[in-house]
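Keep the sequence and the 3D view open while you read.

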Amino acid sequence: MSLEGKVAIVTGSGRGLGLAYAQELARQGAAVVINDVDAATAADAVASIESAGGKAVAVVAPVGPTETAKQLVQTAVDTYGRLDILVTNAGVLRDTVLWKMSDDDFDTVINVHLRGTFTTVREAASYMRANEIPGRIITIGSPTGQRGNFGQTNYAAAKAGIVGMVRTWSLELKKAGITVNAVIPVAATAMTATVPYFAAAVEADEKGEPMPAFFRHDLGFGTSDDVAGLIAYLASDEAAGVTGQAIGVGGDRLQLWSHPEPVATAYHDGGWSYQALQDGFADAVGPLQSVGEKFPPLPDDLQRPAPGA
């Protein structure tokens, strides 16, 4: 097992994607620190790993505060003697349109996703540097952070911010041999289960059947386990040369997201005055960039009625 002897922390790993990540890391030999805000959920996650022959311990605490980050790292070191891998998966949703979003809606999501990633990475990276461990830091982004999504101001800001931090941290931690990457998962979750477009895929997953090829191939949409393999790979020694990247995965698809680059450049003698922009903006920049995700039409046999319809 390629992660034998390694120790990992996975935040938000009581269920869903986080649990799949923790179970795969354990399957590959790592001892895992489970994290959740619910004690029973965390205990079940630990039991699922131990029953499969793995090692796991739980920290029940909300991600965001520095105190939780310190507790997570200290638990890993006290229990297993070291820390090699951090996966920052914890998150919450408070979806609503801009004009209805409260301060609390915004702050709650930013605190868990963005600040929680910052505090846990800071604590883990500090430990790794001090102990000369060439660790692996894996953050979790989202297509929403890459392209935007209606009703998710807070979530989009947090996920975009995480990728920005990853690029910075990869530069700062390179000398220490610590890699930092963002994974952009596309998978069946509690959130996608409520979206009619994905109903046929979620229905198949719940029955334990393979998802239709349209979802797995055309959309790159699959199960939590489809994402977990990339998490384990990025946590391994084989991925020592992969850092500062945003990597998408889902279903049968793997993607490398680009860093933002100018797509058009134009010059105007004397600079771009208001009048010059009126006269020449469209020709100077060309076609504008699209926003949001565009999904192809569902095949007829995968159409499902909306709930309550």
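How many nonpolar, polar and charged residues are in the lining of the largest cavity? The lining has four nonpolar residues, seven polar ones and one charged one. The model behind this count is predicted.

## The cavity

The count of cavities of 30 Å³ or more comes to one. The largest cavity holds about 40 Å³ of space.

Its lining is made of T11, V63, T88, N89, A90, V112, H113, G116, T117, T120, K159 and I162. Two elements give two or more residues to this lining: α4 (103-130) and α6 (153-172). Helix α4 gives the most, with five residues.

## α4 against α6

The two helices that supply the cavity lining in this way also pack on each other. The axes of α4 and α6 come within 8 Å. They cross at roughly 15°. An angle under 35 degrees counts as roughly parallel, so α4 and α6 are roughly parallel to each other. Their crossing is right-handed.

From α4, the contact uses D105, F106, V109, I110, H113, L114, T117, F118 and V121. From α6, it uses T153, N154, Y155, A157, A158, K159, G161, I162, M165 and W169. By class, the residues of this contact divide into twelve nonpolar, five polar and two charged.

## α3 against α4

Helix α4 has another partner, α3 (residues 66-80). The axes of α3 and α4 come within 8 Å and cross at roughly 40°. That angle makes α3 oblique to α4. The crossing of α3 past α4 is right-handed.

Which residues of α3 and α4 meet? On α3 they are T66, A69, K70, L72, V73 and V77. On α4 they are R115, T119, T120, R122, E123, A124 and Y127. The contact has six nonpolar, three polar and four charged residues.

## α1 against α2

Helix α1 covers residues 16-27, and helix α2 covers residues 39-50. Their axes lie 10 Å apart, and the packing angle is about 30°. The two are therefore roughly parallel to each other. Here α1 passes α2 in a right-handed crossing.

L19, A22, Q23 and A26 come from α1. They meet A45, S48 and I49 of α2. What classes do these residues fall into? Five are nonpolar, two are polar and none is charged.

## The second largest pocket

The second largest pocket has a volume of about 380 Å³. It is lined by 15 residues. Nearest its centre lie Q146, R147, S258, P260 and Q289.

Helix α6 returns here. Both α5 (143-147) and α6 supply at least two residues of the pocket lining. Which element supplies the largest share of that lining? It is α6, with three residues. By class, the lining divides into six nonpolar, six polar and three charged residues.

## Drawing it together

Helix α4 packs against α3 at roughly 40° and against α6 at roughly 15°. Helix α4 also gives the most to the lining of the largest cavity. Helix α6 contributes to that cavity lining and gives the largest share of the lining of the second largest pocket.

Technical notes
Residues are numbered from 1 along each chain as its sequence is written. This is a predicted model: local features need pLDDT of at least 70, side-chain atom pairs count only at pLDDT 80 or more; totals for chains, interfaces and linings use all residues. Side-chain values use heavy atoms; hydrogens and water are left out. On a 1 Å grid over the protein atoms alone, a cavity is a set of points where a 1.4 Å probe fits but cannot get out, and a pocket is an open set with protein on both sides within 12 Å along at least five of seven lines; lining residues have an atom within 4 Å of a point. Grid points are joined across faces, edges and corners, and a volume is the space filled by probe spheres set on the points. Helices (H or I, at least four residues) and strands (E, at least two) are DSSP runs, numbered from the N terminus. Ala, Val, Leu, Ile, Met, Phe, Trp, Tyr, Cys and Pro count as nonpolar, Asp, Glu, Lys and Arg as charged, and the others, Gly among them, as polar. Axes are lines fitted to C-alpha atoms, for helices over the stretch in contact, and angles run from 0 to 180 degrees between N-to-C directions. Angles under 35 degrees count as roughly parallel, over 145 as roughly antiparallel, 65 to 115 as roughly perpendicular and the rest as oblique. A crossing is left-handed if the near helix is turned anticlockwise from the far one by less than a right angle, and right-handed if clockwise. Contact means heavy atoms within 4.5 Å.
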